[in-house]
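Have the model open while you read.

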Amino acid sequence: MQLVRTEDQELLAKTAADFVAEHSPLSRVRTLRDARDPIGYSPDLWRQMAELGWVGIPFPEELGGAGMGLSELAVVMEELGRVLAPEPFLSSVLLGGGAVMLAGTDEQKKAWIPEVAGGRTQLTLAWQEPGSRHHLQRVATRAEKEGGGYRLVGEKIQVLDGTSADALVVTARVSGADDDPAGIGLFLVRRDAPGLVAERQWRVDSRACARLELRDVRVAEEDVLGEPGAALPVLEEVVDRATVGLCAEMLGGLSEAFDRTLAYLKVREQFGVPIGSFQALKHRAARMFVERELSRSAVMAAAAAMDQGNPEARKLVSLAKARCSDAFVLIGNEAIQMHGGIGMTDEHDIGFFLKRARAAEMTFGDAAAHRDRWARLSGY
Amino acid sequence: MSEAAASRDLPDLDTFREEIRRFLEAEAPPSLRGARGGELDGIWGGRKERWDDKPDRKRWLDVMAARGYTAPTWPREYGGAGLTPAHAKVLHQEMRRLELPPPLIGFGLTMIGPTLLQFGTEEQKRKHLPRIVRGEIRWCQGYSEPDAGSDLASLKTRAVREGDHFIVTGQKVWTSYGDQADWMFLLVRTNPEAKKQEGITFLLMDMDSPGVAVRPIKLISGSSPFCETYLDRVRVPVSNVVGRIDGGWTVAKALLGHERSMIADAFGTGGGRRARNEAETLAGFARRYLGEREGRLADPVLRDRLAQNEMDARVFELTLQRTRDAARAGQAPGPEASLFKLYGTELNQRRQELMVSIAGPAALGWEGPGFSEEELALTRNWLRSRGNTIEGGTSEIQLNIIAKRVLGLPD
Ligand SMILES: Cc1cc2nc3c(=O)[nH]c(=O)nc-3n(C[C@H](O)[C@H](O)[C@H](O)COP(=O)(O)OP(=O)(O)OC[C@H]3O[C@@H](n4cnc5c(N)ncnc54)[C@H](O)[C@@H]3O)c2cc1C
């Protein structure tokens with residue numbers, strides 16, 4: 001495993017950084033939030049990102065993708081994470097698209113992936129339920145066999161981009177108790193399916209989410225993904241891949257929050273000197289730097305390991321998620337503290353990082369959850 | 001006033017308790033019993049207070065203020081009840097027993113009132129204290145400026161004397177509730193030539209004076225409790241100087257001591273909230289989100305953090321109590337207000353973070369649907385708590401004060 005960017009990756013990072021500088025200032029978060037934008041991102045920018053080939057990065061070339069890996073996607077997501085860009089990489093590319101890639105038949109892949117990779121169709125994954133926290137196997141939504149297809153009944157929450165997705169991959173249980181690892185299936189539900197009610201949810205990080213009600217939603221046979229009842233391993237893999245993408249985004253966010261704070265320490269003066277000259281702040285800035293560097297190593301290793309099918313990959317994903325969660329919340333907190341009063345104002349942008357840090361921390365399990373998983377995967 | 005002098009015409013504590021019980025039974029509006037919320041969730045009073053939708057709160061304030069019980073230890077001649085701390089404690093215990101909310105809160109009672117008692121002229125005390133007691137005037141604090149936060153003494157707002165008045169020009173910032181307040185206590189520079197601490201004067205200013213403009217600023221938690229305050233040639237009578245002209249720094253520091261104990265007290269009782277029943281305790285909250293296994297919280301990591309938080313809160317309460325007991329026993333208080341402010345605010349932040357961890361994804365709500373009222377409040381309280389280690393002097397400044405003044409470490 002080489003923990004160094006290739007020349008191509010460097011180039012990709014530069015393109016992404018330039019694009020972000022030109023088109024995607026941090027202020028977009030505020031504009032979209034204050035407009036109470038129903039979909040919460042810019043379809044126009046999304047189209048441009050697709051044209052640049054980013055949306056297709058992890059999909060095979062024969063399906064309209066770029067045939068690259070998570071490592072490349074991570075490079076782009078890190079740059080976008082710097083400005084907390086809300087475009088649906090996580091939901092459509094990694095979660096929805098990932099589920100079709102890993103669980104779908106060739107036909108299903110052919111039907112969906114080229115459209116997803118081109119940014120023309122948007123997918124997402126609806127897995128979380130009230131009280132399920134990060135546990136993927138806690139699924140109370142039921143799927144009853146009906147003819148060749150299924151009938152879904154249940155509730156899903158905080159479905160990322162769930163009001164704008166054209167179709168949702170929904171986890172539902174064909175058998176077993178609510179937290180039985182066996183018995184889970186994946187079902188593609190189209191947005192206009194009768195009985196599907198999607199309601200926009202408003203989160204602290206202002207990312208678009210939806211609460212879904214599935215009231216006897218019918219899923220045709222060709223929209224069942226993989227073998228109903230045996231989906232948990234695939235689901236875990238999909239979420240692991242998405243977690244790597246999320247960690248890259250978090251790395252971008254924590255790096256930017258750190259950079260902005262560092263810049264402030266150099267210009268804000270109190271007692272006749274820049275506040276960055278106080279050792280109490282200096283040392284903490286140095287510690288944040290250490291956290292950022294450790295986070296970067298973990299994210300690079302997790303992406304490379306997933307790309308290479310390394311046997312340690314899952315542990316490295318947990319390593320990255322635990323580290324990035326703690327580091328992002330720490331830096332988000334410190335950023336506000338070191339900005340003083342102005343850091344507490346909504347008018348200043350620095351608070352957006354802490355809000356996103358919390359939401360990202362709580363997505364796919366927080367640091368404690370991933371330390372627990374590390375221990376389990378390590379056999380203790 | 002010494003305790004003995006104050007207690008001369010007070011009944012002994014048992015008799016007093018009986019009296020208070022009878023009084024509260026008769027006068028406390030039944031609708032408010034059991035209504036004791038967070039220490040800060042109260043009535044701030046002032047000219048802008050809206051009473052229409054809370055007549056009982058108004059009645060409660062009036063009956064308490066009539067006896068001086070909104071400021072129980074203040075002398076009677078200034079509207080207080082002249083109680084000894086021991087009698088005041090009985091009053092609070094009896095209010096707590098009925099779970100009654102404080103009739104009045106605010107910077108008048110906790111900050112400027114005690115400061116005026118110590119430094120105010122007779123005229124200032126007679127004018128301002130009774131109106132604070134009755135909740136007629138709400139106060140705000142004009143200390144911070146854009147370039148003078150931690151380094152408060154570098155403040156630039158100018159006051160130039162013209163006969164019987166000061167003409168005040170400058171800008172204050174982060175003025176909590178500036179838009180709701182009737183009066184402001186503020187620090188101004190009266191002598192730009194002197195060493196920075198020695199050219200500052202402490203003033204009382206009517207917010208209705210011509211030249212005062214207030215702009216609310218939203219916090220990251222979404223509410224708008226603080227403001228920018230612009231002062232453009234505002235005329236303030238010289239008789240509104242507290243302490244000496246150019247001697248305001250001493251007054252300012254004393255008030256900061258009161259402010260820091262107020263903040264510490266607010267967090268000294270379980271993050272500002274006292275549970276009324278099991279479900280309202282932190283453990284009850286955790287049980288709802290995490291469930292139990294064999295009578296223990298199902299998540300051992302969060303259980304450990306919860307126990308740690310409760311134990312930290314308990315030892316903090318004990319330390320607050322130890323200081324109060326020492327004060328009652330006539331021992332002079334040390335510089336521990338800095339310790340309290342530091343520890344109390346960080347404790348509250350840890351508590352809020354713990355609650356977020358316990359609620360997990362349910363703690364991410366900003367507005368409905370899909371989040372309960374309690375969950376939405378949780379998100380915003382957590383965000384608001386980030387300001388606790390900034391307001392009233394940052395944690396870094398508290399640590400500097402402890403290191404220098406308490407520990408005698410060199411600069
Ligand atoms: C919610 C809230 C309510 C407030 N209400 C009021 C109010 O009603 N009235 C009022 O006057 N003010 C109020 N304030 C202002 C508050 O007192 C100041 O924000 C605070 O004193 C810090 O000043 P500053 O914001 O200028 O930050 P700065 O002083 O610029 O501090 C920035 C950072 O540098 C650090 N720092 C500064 N000096 C040192 C040092 N020597 N050593 C180590 N670190 C240092 C600080 O700790 C902080 O982390 C409020 C603030 C908040 C957040």
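## A look around the model

Val290(A) sits in helix H8 (residues 279-308) of chain A; helices (H or I, at least four residues) and strands (E, at least two) are DSSP runs, numbered from the N terminus. Bear in mind that this is a predicted model, where local features need pLDDT of at least 70, side-chain atom pairs count only at pLDDT 80 or more, and totals for chains, interfaces and linings use all residues. Residues are numbered from 1 along each chain as its sequence is written, chains are lettered from A and ligands numbered from 1 in the order in which they are written, and side-chain values use heavy atoms, with hydrogens and water left out.

Back to Val290(A): with a relative accessible area of 42%, it is partly exposed (buried means under 20%, exposed over 50%, partly exposed in between; 1.4 Å probe, protein chains only). Together with Phe289(A) and Leu294(A), Val290(A) makes a nonpolar surface patch of about 250 Å².

Now for the ligand. Which chains surround it? Residues from chains A and B do, so the site is shared between chains. There are 28 residues around the ligand, and Arg268(A), Gly341(A), Ser150(B), Trp174(B) and Thr394(B) come nearest (a residue is near if one of its heavy atoms lies within 4 Å). The shell divides into 11 nonpolar, 13 polar and 4 charged residues.

| Residue | N or O atom in | Distance |
|---|---|---|
| Arg268(A) | side chain | 2.6 Å |
| Gln337(A) | backbone | 2.7 Å |
| Glu396(B) | side chain | 2.8 Å |

On its own the ligand has 970 Å² of accessible area, and the protein covers 95% of that (Shrake-Rupley method with a 1.4 Å probe). Helix H9 (313-339) of chain A, along with strand E3 (165-176) and helix H12 (395-406) of chain B, are the elements that give two or more residues to the shell.

Phe271(A) is not a glycine, yet has a positive phi of about 55°. You'll find Phe271(A) in the loop between strand E9 (269-270) and strand E10 (273-274) of chain A, partly exposed at 39% relative accessible area. Arg233(B), also not a glycine, has a positive phi of about 50°; Arg233(B) is in strand E7 (residues 226-237) of chain B and counts as exposed at 52%. Over in the loop between strand E11 (365-367) and helix H11 (373-385) of chain B is Pro369(B), joined to Gly368(B) by a cis peptide bond with omega about 0°.

Key:
Patch = residues over 30% accessible without salt bridge, like charges linked within 9 Å, V, L, I, M, F, W, Y side chains within 5 Å. Salt bridge = Lys/Arg side-chain N within 4 Å of Asp/Glu carboxyl O. Polar contact = N/O pair within 3.5 Å; in protein donor to acceptor, adjacent residues only side chain to side chain. Nonpolar A, V, L, I, M, F, W, Y, C, P; charged D, E, K, R; others polar.
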